[in-house]
Amino acid sequence: MIEAILNYEFLQNAFFSGLVIGVIAPLLGVFIVVRRLSLIADALSHVTLAGIAGSLYLSQSFATLALLNPIYLGIIASVSGSVLIERLRRLYKHYEELAIPIIMSGGIGVSAILISLASGFNTDLMSYLFGSVSAVSRQDLYVVLAIAVVVVLFLILFFKELFVLSFDEEYAKASGLPAKWIHLLFMIVVALVIAASMRIVGILLVSSLMTLPVAAAMRLARGFKEAIILAIVFGELAVVIGLVSAFYLNLAPGGTIVVTSILILLLVILIKKLVLKFSIKTEGEEVL
Amino acid sequence: MKKPLIELKDVSFQYEYTQALKNISLRVNEGDFLALIGQNGSGKSTLLKLILGLLKPMSGEIKLFGEQANHFKHREWIGYVSQKSNAFNSGFPATVEEVVKSGLSQKVGLFKRYPKDADFLVKGALKDVGMEKFLKRNIGQLSGGQQQRVFIARALVADPKLLILDEPTVGIDRENVQAFYDMLAHLNKHHNMTMILVTHDVDTVSDRVSHVACLNQSIHFHGYKNDFDTISEEQIASWNGHSVRKIH
């Protein structure tokens with residue numbers, strides 16, 4: 001595999017994009033999970049699909065747009081979706097979760113229309129749905145790197161505020177934090193990461209890379225920074241194992257990455273249970 | 001004359017269909033330890049939200065540290081301990097140290113990292129509430145009373161001039177309530193920290209407080225604790241709408 005990566009540009013693109021996404025998706029995922037926003041990531045990924053389908057339709061209909069990279073319309077759709085979700089959440093203050101099915105079904109509905117207009121599925125669209133090792137272009141890699149820089153800058157600038165907001169929203173507001181604006185920026189960054197991750201993991205599975213490594217990390221971590229580090233380690237493990245197996249078994253990387261993430265999660269749950277059982281048994285024997 | 005930290009003049013607030021507060025005038029001076037009591041639905045939380053800037057009054061005027069509340073910039077001067085029950089998710093992966101350090105966030109300001117002495121300040125705040133041994137423990141593994149102490153440490157770490165506690169004794173065992181008040185009285189006296197303690201339970205108001213205010217949409221009493229003690233339980237019950245038992 002290493003030799004193949006050195007020889008083939010498409011593998012370099014896929015591998016390096018995967019490594020970057022393996023860091024930024026779980027990094028933001030920790031905030032998404034602790035703020036109970038996991039389903040919002042799903043809704044946004046479905047809106048991104050509408051942008052991708054729209055771009056594929058436009059490239060079929062207008063020759064001048066044939067070379068347009070669908071990631072750009074995907075990003076625009078995803079970011080617009082995040083702003084819309086926030087507006088809906090404010091409109092339905094007592095039923096904030098209503099924003100998720102509204103945006104999700106809207107995204108799928110528009111996608112279905114655009115896919116029909118573009119005369120159904122093609123291989124390109126399938127690669128967006130489930131990820132692809134061969135479809136990542138050098139341009140995609142640059143977009144992923146640019147989004148990673150935005151994510152890291154955002155977290156450096158707002159880490160402490162995001163922690164306060166995630167841990168105790170009421171306290172954050174009471175202490176004068178501009179909670180509304182930080183949350184909106186956060187949602188936009190989440191939308192960017194979703195758009196960036198779709199080439200590798202696929203739109204339908206992108207939220208899993210933001211939540212599964214975090215779910216495993218939360219079983220082990222005592223503190224927040226520990227949870228972030230563990231989530232990134234699990235995310236990277238899933239991406240590397242998933243990409244390598246996708247390459248050798250000729251499978252969609254989205255599927256292999258998600259299945260690896262689930263295996264890591266199951267392993268962590270099992271190890272934690274065994275450790276707990278062992279420590280209870282040892283304590284019991286000491287008491288006797 | 002003591003400096004007023006909070007001044008409310010004829011403040012009224014109404015939710016869509018309900019009048020929550022009517023012509024509230026209240027003054028809290030530097031060094032006061034005020035117990036604000038009122039039954040559920042009396043407008044305590046609304047009053048707190050108005051003071052904290054989370055709501056805007058329909059009419060009247062609110063001044064914080066002598067400045068109009070809507071122009072007040074030094075939010076870090078006000079420490080706030082919200083009701084534990086609705087404040088956080090107990091499965092949150094955070095250590096006591098991380099939670100307390102987050103109390104410095106507003107003081108440090110946007111785009112800046114925590115100062116180098118942040119760890120020292122965190123340890124100091126935890127020592128003040130007797131929780132220094134729990135620095136690296138997960139917040140969710142602590143008892144209700146211990147969590148409440150951690151939240152107070154989070155408010156103290158920024159060295160506020162005014163500490164507002166919303167129903168702080170909820171979740172604390174009856175026998176530990178007095179020790180809790182002792183700790184607050186220590187902070188009030190030795191750190192010259194002005195305190196507002198909000199509670200629905202008259203029974204929990206101890207002799208440690210200096211002033212009492214009774215709220216039920218409007219202020220029915222505001223004065224020294226000693227004067228409050230001379231008021232009959234029946235009188236307080238008529239303000240509150242249910243029977244009460246005072247502790248002395």
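Trainee: What makes β1(B) and β4(B) a pair of strands?
Mentor: Two strands pair if DSSP finds at least two bridges between them. Five bridges join β1(B) to β4(B), residues 59-64 of chain B, and the strands run antiparallel; therefore they meet the definition. B:E7 stands opposite B:K63 in β4(B). Strands are DSSP runs of E with at least two residues, and helices are runs of H or I with at least four, numbered from the N terminus.

Trainee: On what model does this rest, and how are residues and chains labelled?
Mentor: The model is predicted: local features need pLDDT of at least 70, side-chain atom pairs count only at pLDDT 80 or more, and totals for chains, interfaces and linings use all residues. Residues are numbered from 1 along each chain as its sequence is written, while chains are lettered from A and ligands numbered from 1 in the order in which they are written.

Trainee: Why is B:D10 called exposed?
Mentor: A residue is exposed if 12 or fewer other C-beta atoms, placed from the backbone, lie within 10 Å of its own, buried at 20 or more, and partly exposed in between. B:D10 has 12 such neighbours, so it counts as exposed. B:D10 lies in β1, residues 4-14 of chain B, and has a positive phi of about 50 degrees although it is not a glycine.
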